[in-house]
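Take a look at the sequence and the 3D picture, then read on.

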Amino acid sequence: MKKIIEMAVLLLCLYGCAKDNDAIYYPISNVDIETGGPALIVEEGQVPLIRSYNDEDYVLDTVAQYPNNPTLGKLTFMIDLKNQLADEEVVGFNGVGKSKLTMSLGYKDGNYSAISQVPIYTSLDVTTRYAVKLRLKGELALSGDEWMIDYVYTQLASLFQPYPPSSFPAEVFMCKGGMKFGTFDPFRRTCTFDISYDRSDLSFSQLYFNMFINLAGQKREDRIRLRIDKESFFEVYEQKEAV
């Protein structure tokens, strides 16, 4: 009888490990990365190459859903962050329109579909130096009580990276995660945030701006609501060469 119990415990452990290998999740602590030069001092009459903004609070209200097995687990969803308006159309800029929530089936491998890995901006000249100014303010909330917000982070980078780096590679300009990202309520149903980034001397051929959300729960699906405050904006400046 003892051997049967030991075998059952072993099988349970192996099953748990297998499930964990499939889980789209990494336990990570607070992440706070900012790289680049000092804030760009905008001269009188200087206009940004890109200015993207909202004229009212913007809400993404959608469904986060388990694709297959609706058992207890942890999944990661990604939101490609966009604003509703821009001052003018800029070639290579993909930051205007509806934000969209997508899910990776293999978070540890980062296998988001290609259609989800679209940069917010593609540079026409890789020798150009840029400055980026942005603010991301709002609230993330779940509608039910069977899921919880486990971890949230947002990342600005020149390379699509679905996981906060353990080191600080040159490709990552900003990454805010955990308590450095925002404030969670006692029941971890909402997360309020207000993030700013203002750096110069950035070089990139592509620029990504994404939010990643780890959710834990035991329900087939639940509604997730992201409100982006109208005070949020995204600006890119071309830097002038020193004379």
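The report below goes from the overall layout to strands, rings and charges.

## Ground rules and overall layout

Before we start: this is a predicted model, where local features need pLDDT of at least 70, side-chain atom pairs count only at pLDDT 80 or more, and totals for chains, interfaces and linings use all residues. Residues are numbered from 1 along each chain as its sequence is written, and side-chain values use heavy atoms, with hydrogens and water left out.

Of its 243 residues, 45% count as buried. Here buried means under 20% relative accessible area, exposed means over 50%, and partly exposed is in between, using a 1.4 Å probe and protein chains only. Now for contacts, meaning heavy atoms within 4.5 Å: among those with a separation of 6 or more, 83% are between residues 24 or more positions apart.

## Strand 2 and its partners

Let's zoom in on strand 2, residues 50-53. It runs antiparallel to strand 15 (residues 233-238), and four bridges join the two; strands pair if DSSP finds at least two bridges between them. I50 stands opposite V236 in strand 15. Strand 2 also pairs with strand 5 in the antiparallel sense, over two bridges, and there S52 has A86 as its bridge partner.

N54 counts as buried, at 5% relative accessibility. From C-alpha to C-alpha, N54 and A86 are 8.4 Å apart in space, though 32 residues apart in sequence. Not counting residues up to four places away in sequence, N54 touches N83, Q84, I228, D229, K230 and S232.

## Rings side by side

How many aromatic pairs does the count come to? It comes to eleven. The rule is that rings of Phe, Tyr and Trp (its six-membered ring) pair if their centres lie within 6.5 Å; planes under 30 degrees apart count as stacked, over 60 as edge-to-face and the rest as tilted. Take Y130 and F204: their ring centres are 4.6 Å apart and their planes at 20°, so this pair is stacked. Y130 sits in strand 8 (residues 130-142) and F204 in the loop between strand 12 (190-202) and strand 13 (206-217), so the pair ties together parts that are 74 residues apart in sequence. Y130 is buried at 1% relative accessible area, and F204 is buried at 3%.

For F181 and F193, the centres are 4.9 Å apart and the planes at 40°, so that pair is tilted. F181 is in the loop between strand 10 (172-177) and strand 11 (182-184), while F193 is in strand 12. There's also one aromatic cluster, formed by Y151, Y153, F160, Y208 and F212.

## Charges that pair up

Side chains of opposite charge can pair when their charged atoms come close. By the salt bridge rule (a side-chain nitrogen of Lys or Arg within 4 Å of a carboxyl oxygen of Asp or Glu), the count comes to twelve. One of them joins E34 and R199, at 3.5 Å from N to O. E34 lies in strand 1 (residues 31-34) and R199 in strand 12, so this bridge ties together parts that are 165 residues apart in sequence. E34 is partly exposed at 30%, and R199 is partly exposed at 23%.

Another salt bridge links D61 and R223, at 3.3 Å from N to O. D61 is in strand 3 and R223 in strand 14 (residues 221-228), so the parts it ties together are 162 residues apart in sequence.

Leaving aside neighbours within four places in sequence, K82 is in contact with Y58, N94, G95, V96, G97, K98, S99 and I228.
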